[in-house]
Amino acid sequence: MNAGSTTGTISRAARWDGATGTYPQWYEDPLSCLQTTVGSILMEHGLRPVDVLGLACEFAFAPDDVMCEEFYRPAQSSRGVAADLCRYHDVESTWTTGSDAGDLIDLIETHSSVIVAVDNFHLPFRPAFHDVHAAHLVVVPGWRRTASGAVEFYVSDAQPPGFQGWLSAEYLMNSWTSGNPSDTQDVFFSSREIGGRVLTTKVRSQPEELTSDRVAQALQGNLDRWATGAAGPSDRVWTGRSGLRRFVERLQDSCGDPAELRSAYTFGWAMQAQAFLHGRFAQEFAHRSKQDRLLEVAASADRVVSAWSNVRLLSAHAAETADITELMQRRGAELVHAYEQLAADWRLAVPKEWADVR
Amino acid sequence: MTVHKVLALEPFLNNQAATTPENLTDGRLNVWRNSLPAQSAPLEIVVDGVPLRSARLDGRGPDNVLCSGQRIEVPERRWDWLYVIGCGERRVRDVVTWHFTDDTVDRDHFALSDLWEGRSDFGEELALRTDVIHYPHHVQERIGITLWCQRVPVTSRKPLGAMSLPRNPAVHLFALTLVGQRVNAGSEDDPQIQGASRERR
């Protein structure tokens, strides 16, 4: 489903219908389940995911975190990962846990749609079904009791091959409470227990037209965070330019240990996806608002996306790649350069006259 | 009028993209060891009038070049384009390095879309789209693998002697063809290219 087709002001409850399978789904190529699930929730509230998730672009890396899940992103604010993703909107989220179908029903009743962590191994609609253990997120917007008294949950998964529909509680419970054991077939996204995790969200922002002024403010915010980032000994999260430079140095230092480099593949996905969305947003808004300089931002953001591809894939293939140390030095430099170029284009796209035209 | 040189990749094949249901675990198209279903014949396509031909894709051994900076000698002359069949593990941008006959080098930009769920990010033509994708332990329907036909410009107009592929484990190449302008059509000024034309047949 196209994000644009769900904008409007109809109430949240009317936005999907389990009988006709119209839960709003949204997927773009480099996005992980973190963005696509949060994107669905935003669409339920009448917001365009690209307009919300694409405004911010930044670097953030938490060196001590365990990063073995597709949906991993370093926690920055106390308002949860959704707040970190939707930096210029009033959105927040909380991780909670449950252990049985009753708990999940309670969470749905309390929060409406919830984002549920799953192990793909147990989900019949995933390619990994009964083959590979891998952590993933799906949206569960509803539940029902069938005529025979069995509980079913409505499950939406926008990631290809894509699925939405009613699923027996047994499948979902197995998946939600899986130990997600370490799997040699998927050393990236296995080995951390799913543990009945659920992400609940609160979206308070109302659908409204974005103005050039707000966009300029956001770009200035991105620029400020890039310039004032920190990566000191006491910083839990390395951010901005200093954070990226330290991250790249760490990658180079880790070249002798492929297992250590693997985390760059998983972690990098969140950063890459954000850069992609930022580029898409800049491109769309440039045309909407006739601001050509945003097209330069879009092109530069796309270079950040590509630089992440190379860092991520080199990290993933480190064990079988010759001259990894030399290559990583080049890829790291390219990544830094790509962000610097993006920052330069933010600077050029936030001219003083924008702020003056109010 | 253009001339073509289909480059022989056999000496460089170092990766297996195609498998049969009997050897699913041999595939190495990406970190998940996905692969594409073996094809009954090599890919032979013509894009923009440029012929491209892959090695055999019968699932019985290496069938593509995983790029690690391989240097490939080419017939010395001015070339304009390098046409490729390839795919990226995730969409990928990198460079091809040109070695000119005057000993200088230069790079040109190279961009290739993702093999997964084929969406062309760079306007490529389809070279192959499969209906299923091979996993190490099962054949997955509803997802396909895409191989793309892409081109790389040789911006400099100097005579070229060799090229180096990207050093990038995310880039798989299945066919390479150089494209140039015929200097004097039908003359004997360009013996290398007549040789190339013969090979093309």
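Predicted model: local features only at pLDDT ≥ 70, side-chain atom pairs only at ≥ 80, totals over all residues.
Leaving aside neighbours within four places in sequence, Leu47(A) is in contact with Leu42(A), Val52(A), Val203(A), Ser205(A), Gln206(A) and Pro207(A).

From here, move to strand S7 of chain A, which covers residues 197-203. Thr200(A) lies in this strand, and with 7% relative accessibility Thr200(A) counts as buried. Which residues touch Thr200(A), once its neighbours within four places in sequence are set aside? They are Glu92(A), Ser93(A), Thr94(A), Thr96(A), Leu107(A), His111(A) and Val114(A).

Next comes a pair of helices in chain A, H4 (residues 101-111) and H5 (residues 169-176). Two packed helices are described by the angle between their axes and the distance between the axes. For H4(A) and H5(A), the angle is about 95° and the axes are 10 Å apart. Angles of 65 to 115 degrees count as roughly perpendicular, and H4(A) and H5(A) are therefore roughly perpendicular to each other. On the H4(A) side, the contact is made by Ala101(A), Asp103(A) and Leu104(A), while H5(A) brings Leu172(A), Met173(A) and Trp176(A). Sorted by class, this contact of H4(A) with H5(A) has five nonpolar residues, one charged residue and no polar ones.

Helix H8 (residues 258-289) and helix H10 (residues 324-349), both of chain A, pack at an angle of about 25° with their axes 14 Å apart. Angles under 35 degrees count as roughly parallel, so H8(A) and H10(A) are roughly parallel to each other. The crossing in which H8(A) passes H10(A) is left-handed. Which residues make the contact? From H8(A) come Leu261(A), Met271(A) and His278(A), and from H10(A) come Ile324(A), Met328(A), Tyr339(A), Leu342(A) and Trp346(A). By class, the contact of H8(A) with H10(A) has seven nonpolar residues, one polar residue and no charged ones.

Now step to the loop between helix H9 (293-316) and H10 of chain A, where you will find Thr321(A). Thr321(A) counts as buried, at 17% relative accessibility. The side chain of Thr321(A) reaches the backbone oxygen of His317(A) at 2.7 Å. Leaving aside neighbours within four places in sequence, Thr321(A) is in contact with Leu314(A) and Leu327(A), and also with Pro169(B) of chain B.

Our last stop is Ser148(A), in the loop between strand S4 (135-145) and strand S5 (151-157) of chain A. Is Ser148(A) buried or exposed? Exposed means over 50% relative accessible area, so Ser148(A), at 67% relative accessibility, counts as exposed. Its side chain is joined to that of Thr146(A) by a polar contact of 3.0 Å. Pro74(A), by contrast, is 74 residues from Ser148(A) in sequence and 44 Å from it in space, C-alpha to C-alpha.

Key: Residues numbered from 1 in each chain as written. Chains lettered and ligands numbered in written order. Heavy atoms only, no water. Helix = DSSP H or I, 4+ residues; strand = E, 2+ residues; numbered from the N terminus. Buried < 20%, exposed > 50% of the residue type's maximum accessible area, 1.4 Å probe, protein only. Polar contact = N/O pair within 3.5 Å; in protein donor to acceptor, adjacent residues only side chain to side chain. Contact = heavy atoms within 4.5 Å. Axes fitted to C-alpha atoms, helices over the stretch in contact; angles between N-to-C directions. Parallel < 35°, antiparallel > 145°, perpendicular 65-115°, else oblique. Left-handed = near helix turned anticlockwise from the far one by under 90°. Nonpolar A, V, L, I, M, F, W, Y, C, P; charged D, E, K, R; others polar.
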